[in-house]
Amino acid sequence: MDTAIVTPTLRAKDYKSEVAPVWCPGCGDFAVLSAVTKALAHLKLAKERVAMISGIGCSSRLPAYVDAYGFHGIHGRALPLASGLKAARPDLTVIVAGGDGDGFSIGGNHFLHACRRNMDLTYIVMDNEVYGMTKGQASPTTQPDWAKSKLTPHGTGMRPFLPTAIALAAGASFIARGFAGDPNGLTKLLVEAIEHPGFAFLQVLSPCQTFRPEQKEWKHLVHPVDTAPTDDPVEAARFIQADDGMALGLFYVRRLPIWQPQNQPTATPADLEREFAL
């Protein structure tokens, strides 16, 4: 987290804007909004030192509901927008919000390079395994046998995108998963993600009650991760490949060089080889 001006008197409700959320009743994104405001209050961050960036989708409405600087960008482009802002204003705490469609489909290439670039950003992806805003199509994380969309009445027939595995392979330095039904645990993970110096990826299982009502069962399927977070990518890969997709907690955290434009000329090949040595 950046060294920033702090405001010790603000409470979580003070970080909520006057714009009323328009999410469907029961949407998990309400819990994410609550976790964001609680995390900002816990960290005592001044509103003018926080910026929330998003793309397109139900979850990407989040900046409108937070009383801080925000930018609602175009589909899949939240991460390059946030990267440009962070490069120009490294003093800001930049939080990026999106969904599984916005982040892993049209925004997939940006996700890969944001992970490997390791700028000091926090990326929250609210994953409900469906395109909710466009009325319930399969997304990159949808299981291959989900056949309740008119576009894929026999299922997608494709293996789902594995966000944590891709984040690890692409070089993210902080990888965690939270659940909208565990607001305290989610807030804790978000605080850790914002405090982490580097690219922090937080996948949030955020049920869609409208188009995926069966996800109500997630509350019975989620479970805490049974190992301590590791800084070894090989060990993290073993865990992630064996994961059932319902483990909650911090999986992987490692201190890696943070990319900042003004620092690039000073890093020699030997410096980078030493910093990235496994």
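The buried residues of helix 2 (residues 78–88) are Ala 78, Leu 79, Ala 82, Ser 83 and Lys 86; buried means under 20% relative accessible area, exposed over 50% and partly exposed in between, with a 1.4 Å probe and protein chains only. Seen down the axis of helix 2, these residues fall within an arc of 125°, so they line one face of the helix. The arc is that of the directions from the helix axis to the C-beta atoms. An α-helix has 3.6 residues a turn, so residues three or four places apart point the same way. The buried residues of helix 2 pack against strand 1, strand 3, helix 4 and strand 4, where contact means heavy atoms within 4.5 Å. Helices (H or I, at least four residues) and strands (E, at least two) are DSSP runs, numbered from the N terminus.

The model is predicted: local features need pLDDT of at least 70 and side-chain atom pairs count only at pLDDT 80 or more, while totals for chains, interfaces and linings use all residues. Residues are numbered from 1 along each chain as its sequence is written, and side-chain values use heavy atoms, with hydrogens and water left out.

Eight strands form an open sheet of mixed pairing, in the order 2-1-3-4-6-5-8-7; two strands pair if DSSP finds at least two bridges between them. Strand 2 (69–72) and strand 7 (223–224) stand at the edges with a single partner strand each, so one side of each is left without a neighbour in the sheet. Strand 1 (residues 50–54) and strand 3 (residues 93–99) run parallel and are joined by five bridges. In strand 3, Val 94 is the bridge partner of Ala 51.

A search of the whole structure finds ten aromatic pairs. Rings of Phe, Tyr and Trp (its six-membered ring) pair if their centres lie within 6.5 Å; planes under 30 degrees apart count as stacked, over 60 as edge-to-face and the rest as tilted. The rings of Trp 23 and Phe 30 have centres 5.2 Å apart and planes at 85°, so this pair is edge-to-face. Trp 23 is buried at 7% relative accessibility, whereas Phe 30 is partly exposed at 33%. For Phe 111 and Tyr 123, the ring centres are 5.9 Å apart and the planes at 50°, so the pair is tilted. Phe 111 lies in helix 4 (residues 108–117) and Tyr 123 in strand 4 (residues 121–127), so the pair ties together parts twelve residues apart in sequence. Both Phe 111 and Tyr 123 are buried.
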